[in-house]
Amino acid sequence: MFLRIGAVVFASTSMLLSAFASQGGEPDACRLRLETAFEGGEASPVFSLDLIAQGEALYDRHCTACHSLDRNRVGPKHRGVYGRSAGTVSDFRYSKALRALDIVWNEDTLDAWLKNPPAFAPGTSMGFRLNDPEKRRAIIAYLKSQSDGCDES
Ligand code: HEC
């Protein structure tokens, strides 16, 4: 009897697991990889998976009017932006201000940029700012999750 219950529990657990695994999809694969990296102590654990998920929703709400991950729109494509030098998507026409910006996008530079783009790069054509520091942090976590080697696969 107990054995039977055990088997049922086992069967449903593995069904759940395989359902989860088969959801697949690039962003999920990236998140799983990130999570593994966190657990292995490779990456900074500062950005939780929850924060990344919040960031994805905020990105959809605030940024996709002008940006997408893989296509240049009003603004440049974003996959891989974390860790990249500013103004370097080769087929996007940046303002002079952004081309002259000699920085790499990381947590600090992205935060200052999103808080106030014209103050960070006077003359930029990005006319959008995000006042809420928590929202900025979540969006930066999301951009990072779409940059850590996730553009290679
Ligand atoms: C109204 C349109 C618009 C919105 C909304 C917008 N952006 Fe932009 N973004 C731009 C434009 C245009 C540029 C190019 C700026 C330039 O060349 O001066 C840009 C550039 C950038 C860059 C520099 C990328 C690089 O390759 O150097 C980052 C990072 C960025 N945006 C992040 C964001 C994020 C994150 C959001 C949402 C919170 C956002 N943007 C919302 C228009 C927008």
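Me: Where is Val81 found in this model?
Reply: In this predicted model, Val81 is found in the loop between H3 and helix H4 (96–100).

Me: How do I read burial from neighbour counts, and is Val81 buried or exposed?
Reply: A residue is buried if 20 or more other C-beta atoms lie within 10 Å of its own. Val81 has 22 C-beta neighbours inside 10 Å, so Val81 counts as buried.

Me: Which residues does Val81 touch, leaving out those up to four places away in sequence?
Reply: Trp105, Leu143 and Ser147.

Me: Which residues have the most contacts inside the largest nonpolar core?
Reply: Leu110, Ile139, Ala141, Tyr142 and Leu143, in a core of 21 residues. Two or more residues each come from helix H3 (49–62), helix H5 (107–115) and helix H7 (133–145). H7 gives the largest share, 6 residues.

Me: What does Tyr142 touch, again not counting residues up to four places away in sequence?
Reply: Tyr142 touches Ile52, Gly55, Glu56 and Tyr59.

Me: Which residues come nearest to the ligand?
Reply: Cys63, Cys66, Gly75, Ser95 and Thr124 come nearest, out of 27 residues around the ligand. The elements that give two or more residues to this shell are H4 and H5, and H5 supplies the largest share, 3 residues.

Me: How many residues of each class does the shell around the ligand have?
Reply: There are 19 nonpolar and 8 polar residues in the shell, and no charged ones.

Key
Residues are numbered from 1 along each chain as its sequence is written. This is a predicted model: local features need pLDDT of at least 70, side-chain atom pairs count only at pLDDT 80 or more; totals for chains, interfaces and linings use all residues. A nonpolar core is a set of buried Ala, Val, Leu, Ile, Met, Phe, Trp, Tyr and Cys residues joined through C-beta atoms within 7 Å. A residue is buried if 20 or more other C-beta atoms lie within 10 Å of its own, exposed if 12 or fewer, and partly exposed in between; C-beta atoms are placed from the backbone. Helices (H or I, at least four residues) and strands (E, at least two) are DSSP runs, numbered from the N terminus. Two residues are in contact if their C-beta atoms, placed from the backbone, lie within 7 Å. A residue is near a molecule or strand if its C-beta atom, placed from the backbone, lies within 6 Å of it. Ala, Val, Leu, Ile, Met, Phe, Trp, Tyr, Cys and Pro count as nonpolar, Asp, Glu, Lys and Arg as charged, and the others, Gly among them, as polar.
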